Amino acid sequence: MKSQSAGRIGSLEHVGAEVDPAHLDHPTLAFLRAYWESKRRGRHMPSRADIDPIEMKAHLGWIVLADVLPRLADFRLRLVGTLVTQYFLSDST
């Protein structure tokens, strides 16, 4: 299901969403989806140990990694990419 108003990554325009898109035009999104699928190996999600930021080096600016804390009560940001902080005009690190 596509959003009515879709922007482009890197702009401050509204960014639309599509649930389970068959094709991703943006190279960072295409890479991240392929990386995620390769790491989860049929599971719902990859384990923390499966994700290696070094393997995503070219795309780290757009990456946010968060650890869920015990009892699902909170989370800890492990990595917040520089492009994410610029996009949201806030540095959460």
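# A walk through the predicted chain

The side chain of Thr85 reaches the backbone oxygen of Thr82 at 2.7 Å, a polar contact in the sense of a pair of N or O atoms within 3.5 Å, where within protein one must be able to donate a hydrogen and the other to accept it, and residues adjacent in sequence count only if both atoms are side-chain atoms. This is a predicted model, in which local features need pLDDT of at least 70, side-chain atom pairs count only at pLDDT 80 or more, and totals for chains, interfaces and linings use all residues. Residues are numbered from 1 along each chain as its sequence is written, and side-chain values use heavy atoms, with hydrogens and water left out.

Thr85 belongs to helix 2, which covers residues 82-88. Helices (H or I, at least four residues) and strands (E, at least two) are DSSP runs, numbered from the N terminus. With a relative accessibility of 16%, Thr85 counts as buried; buried means under 20% relative accessible area, exposed means over 50%, and partly exposed lies in between, with a 1.4 Å probe and protein chains only. Not counting residues up to four places away in sequence, Thr85 touches Val80, Ser90, Asp91 and Ser92, where contact means heavy atoms within 4.5 Å.

The whole chain comes next. The protein chain contains 2 helices and 2 strands, and along the sequence they follow the pattern α-β-β-α. Of the 93 residues in the protein chain, 19% are buried. Taking the contacts between residues at least 6 apart in sequence, 18% join residues at least 24 apart. The protein chain exposes about 7,300 Å², of which carbon and sulfur atoms supply 58%; accessible areas come from the Shrake-Rupley method with a 1.4 Å probe, and for residues only the protein chains shown count as cover.

The two strands can be taken together. Strand 1 and strand 2 pair in the antiparallel sense over 5 bridges; two strands pair if DSSP finds at least two bridges between them. They form a hairpin with 6 residues between them, and Arg71 in the turn has a positive phi of about 60 degrees. Ala66 is found in strand 1 and stands opposite Leu77 in strand 2. Ala66 is partly exposed, at a relative accessible area of 44%. Its neighbours within four places in sequence aside, Ala66 is in contact with Phe75, Arg76, Leu77 and Arg78. Between Ala66 and Arg78 the C-alpha to C-alpha distance is 5.3 Å, although the two are 12 residues apart in sequence.

In a regular strand the side chains alternate between the two faces of the sheet. Val64 also has its place in strand 1 and is partly exposed, with a relative accessible area of 42%. Together with Phe75 and Leu77, Val64 forms a nonpolar patch on the surface with about 260 Å² of accessible area. Patches are made of residues with over 30% relative accessible area and no salt bridge; like charges are joined within 9 Å, and nonpolar side chains (Val, Leu, Ile, Met, Phe, Trp, Tyr) within 5 Å.

Charged side chains give another set of links. Side chains of opposite charge can pair when their charged atoms come close. A salt bridge is a side-chain nitrogen of Lys or Arg within 4 Å of a carboxyl oxygen of Asp or Glu, and by this rule the count comes to 6 salt bridges.

Asp67 takes part in salt bridges with two arginines, Arg48 and Arg78. The side chains of Asp67 and Arg48 meet at 3.3 Å, N to O. Asp67 lies in strand 1 and Arg48 in the loop between helix 1 and strand 1, so this pair ties together parts that are 19 residues apart in sequence. Asp67 counts as buried at 11% relative accessibility, whereas Arg48 counts as exposed at 52%. In the salt bridge between Arg78 and Asp67, the closest N and O atoms are 3.2 Å apart. This pair links Arg78 in strand 2 (residues 75-80) with Asp67 in strand 1, 11 residues apart. Arg78 is partly exposed, with a relative accessible area of 34%.

What does Lys39 form with Glu55? The two form a salt bridge, with the closest N and O atoms 3.0 Å apart. Lys39 is in helix 1 (residues 27-40) and Glu55 in the loop between helix 1 and strand 1 (64-68), 16 residues apart. Lys39 counts as buried at 17% relative accessibility, and Glu55 as partly exposed at 39%. Elsewhere, a network of salt bridges links Arg41, Arg43 and Asp50.
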